[in-house]
Every structure is written in C-alpha cells, then in structure tokens.
Amino acid sequence: MRYLPLTDADRSAMLSVVGAGSIDELFADVPEHARLTAPIAGLPHHASEMAVERHMARLSADNITAGSVPFFLGAGAYRHHIPATVDHMIQRGEFLTAYTPYQPEIAQGTLQVLFEFQTQVARLFGTDIANASLYDGSTACWEAIAMAARITRRNKAVLSCGLHPHYVETSRTMAKFTGDELDISEPALIADTDDAAVIAKIDGETSCVVVQYPDVLGRIPDLAAIAAAAQAKGALLIAVVTEPVALGLLESPGSLGADIVVGEGQAIGVGLQFGGPYLGLFGCREKFVRQIPGRLCGETVDADRKRGFVLTLSTREQHIRREKATSNICTNSGLCALAFSVHMTLLGGAGLAKMARLSHHRARKTAERLAQIPGVTVVNRHYFNEFAVTLPKDARQVVRDLADRQILGGVSLGRLYPQVEALSTGLLIAATECTTDDDISALATALEEVLA
C-alpha cells in the first residue's frame, strides 16, 4: 500500500486549482541539479522494521555519546546529572499527553506545574515575574530585544561581543524583518569582558543592551555597572544566561539591575538530547508584564473560592492576530518546562548551590591541569564552569584529534566564529559535577600527545 493515497484524478484536480499543468511544473522553481532523477544510490526501496532497526543501530554506533567518554563540551549546552525521577515524572500520561491548557477546568495539573515553574525561574533570575517558557534561549533573546523596542519606542540594540554567536545570528535573522538595528562587536580572545566598550555605545537611541552572564567565553561581566549606564540613558539591560546552574553561585541578574533576564534551561532537567528540544526562560520586571511574550499562568479562585490556575493577561486571539500581537510565539515548551521544574524541586536551593560549587571546583581543577601543558594558556581570570584556552595550533584539528582518542575535548572557537581568524586557536572547555579526576587526566594526557 502506498503512503500517499491520492489517485491520478485527485492530483489533476489539485494541480488545476494551483494553476500548474504537471508535477514537474509545480516544482519548476527548484533547480535541476537539486532534483532527484533516480532512487538514492544504496538505499533499498523497502525493508522490514527489524532490518531498519539494525541498520540505524549500526549508524548510531559511529557516534560518541556524552556519557561514554571524557566530556568537556559546553558553549550553551551542558551535561549535568539528571535524576531518574525526572524522566519517570514527565512520562506519566497526564503530563506527557496533556494538550494546550486553554480549558482550565480540565488542565489544572498542567497549569499548576507551569505556575510553579514560573515561580522557580523568577526566583532563579531575581525577576518579579517569569513566563511559562519559550522555545529556547536564542529565540527568548530575540523576544527580549523586540520587547525592549516596544517599551522604549527605540530600535537600536547593543549586543556584547560575549553574546553566544548562535543567539546573535537568531537576532540578526529576525531583525531583517523588523528593521531593528543591532550594534554587534567582534569577539576577542582576552581575559576581560567588553563592559567599557558596551557602555560607550549606549546613547539616546539605544533600546537595550544585551549581555551574556557568564559570557560565551565563560567570563563574568559587571552587570550592575552596565545596568546603571543603560538605565541612565533610558535603555534596558537584557541579561542572557545559557548556564542556569551558574546562578547557584553567582548573584542573580535581576538583583544586579537587569530589566529582562532570558536564557536556556537545558542544563536543568532537560539534558543534551542531540541539540533539542530545549527550553527558553524569560523573566522581567512586573511593570513590563503586559509586554511579555508567550504564555503567563496566574493564580485565582473559582466560584467556590477554591484555589485554581488559569492562563492570564493575554488571550489566544492576541497571538493569532499577528499585527497586534506582542509576540507570535503562542505556545511554550511544556514538557521541557516540567522536566526543569521537577529537577529544580528535587535539588532545592541547597542542592542547586552544591551542584554549582562542584561544577566550579571541577572547572578549576581542569584549568589548573591544562595550564601545565606547554603551549596551552588559560585565558580567563574569572569563570564559573567554563573557560577558554589558547593552543599553539588550530583548535578545530585538535578537537578532531582528541575525538579520535575517544575524548570530547571542548568546542573550538573556530567552529563558533569561522569568520574570525584570530580565534582559530581558541578552545572552549566546560566541566560539571559529572567530570571526574580520570576525565581530567585523560584530557590532559591526550592534549599533550596531540600538541607534541
């Protein structure tokens, strides 16, 4: 049986409606060289389920999985231990199959979890409120820039050179359609953040300043100084947190003056998951609540004065009416938000602080060991669990050579910034509570061999 059950008459009718004479004419805009003219070489026309499973298992065996080898990758996605309880909870049927909670009378469980999630994020970020999540950190970053433009009625955003390049590219893509001006600086592989340069760029046309905390090289900017400078010119400070575990040790961005705090929640409860789905976090001052994107869960009472939860302040129709919407994101990463909330509940404040201390300790031990290798220089003076080093050769080749030795030894800055030759010898290394002494020793030994 064919998967596409259309008859020739069905196809002819459809082509007639769209004004095409044939299937080939329908795809006339696709270049000839991009079209398939024959079956894909080496791919069978059909196979049994067991045969496909075996084939896919053989292919997956070529991958190096995060938990099977020494692992030092970071750059916005971090390997932390996730208790088995998290997966058990999120796979319960009432959570896993729950639909959009527009009908509160049948979605109280989902709504309560999102309300608790918002509370956790607001406390973590030091903001008055938080929403029910967005898609990921990069889209949350752009939504914050767009929100700042609405609030200030300005359209110039100053982006720190320490902002993750993927977040920069997402913002640049969206700004093409909104007309927002992005002032973006080229990164430099130095110990100091670009706080002074960022502050110097703020003027009367600036809507917001976007600063990552810690930044993409693991450095820790002075948010309080930047916030004071931005707010003196009528601009907002947007703090971006890609490693939320850092806030178990560092002061929260909100307490340091940030107006909007966004970030990626992957590190808590969600896991690496081959790059997604991830979890966008978004918090802000209460006075900006009417401009917040996405969903917001609120607490209320029913006709019998019993406590209940509802979506509040923005309606479904607001997000559908594109020209009047604060955002066209009208959903949230519900299951990932649940995983974050379950893990955060299990940790509690003391557990999060302990995880943060362990991660920082492991990073310090890694940096101290690598600094002993001839030709390796640790760039950072301050960091949480991620730092940059310079090598005597192109870091991209070093990463490949380490992988050949079954070690995932970091993210090359040449991969993140292929257009910046000065960063080609830079390597970004992250450690967490999952990093062992044996992992550190294996990395150092292999790196010495590769650089010899």
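1. Terms for burial first. A residue is buried under 20% relative accessible area, exposed over 50% and partly exposed in between, with a 1.4 Å probe and protein chains only. Helices (H or I, at least four residues) and strands (E, at least two) are DSSP runs, numbered from the N terminus.

2. Basis of the note. This is a predicted model, in which local features need pLDDT of at least 70 and side-chain atom pairs count only at pLDDT 80 or more, while totals for chains, interfaces and linings use all residues. Residues are numbered from 1 along each chain as its sequence is written, and side-chain values use heavy atoms, leaving out hydrogens and water.

3. The sheet. Two strands pair if DSSP finds at least two bridges between them. Here 7 strands form an open sheet with mixed pairing, in the order 1-7-6-5-4-2-3. Strand 1 (129-130) and strand 3 (181-184) are the edges; each has a single partner strand, so one side of each lacks a neighbour in the sheet. Strands of a sheet pair through backbone hydrogen bonds, either parallel or antiparallel.

4. Strand 6. Is this strand buried or exposed? Of its 5 residues (260-264), 5 are buried, so the rest of the structure largely encloses strand 6. I260, V262 and E264 point one way, V261 and G263 the other way, and all are buried.

5. Neighbours of strand 6. Strand 5 (residues 236-241) runs parallel to strand 6, joined by 4 bridges. I238 stands opposite I260 there. Strand 7 (residues 280-284) runs antiparallel to strand 6, with 5 bridges. In that pairing, G263 faces L281.

6. Strands 2 and 4. Strand 2 (residues 156-159) pairs with strand 4 (residues 206-212) in the parallel sense, over 4 bridges. A157 has C208 of strand 4 as its bridge partner.

7. Helices on the sheet. Contact means heavy atoms within 4.5 Å. Axes are lines fitted to C-alpha atoms, for helices over the stretch in contact, and angles run from 0 to 180 degrees between N-to-C directions. Helix 10 (residues 223-232) packs on the sheet, touching strand 4 and strand 5, at about 150° to strand 5. Helix 8 (residues 165-178) lies across strand 2, strand 3, strand 5 and strand 6, at about 155° to strand 3.

8. Cysteines. How many disulfides are there? A search of the whole structure finds 0; a disulfide is a pair of cysteine sulfur atoms within 2.5 Å. The closest cysteine sulfur to that of C161 is in C141, 14 Å away and too far for a bond. C161 is buried at 9% relative accessibility. For C336 the closest is in C297, at 16 Å, also too far. C336 is buried, at 11% relative accessible area.
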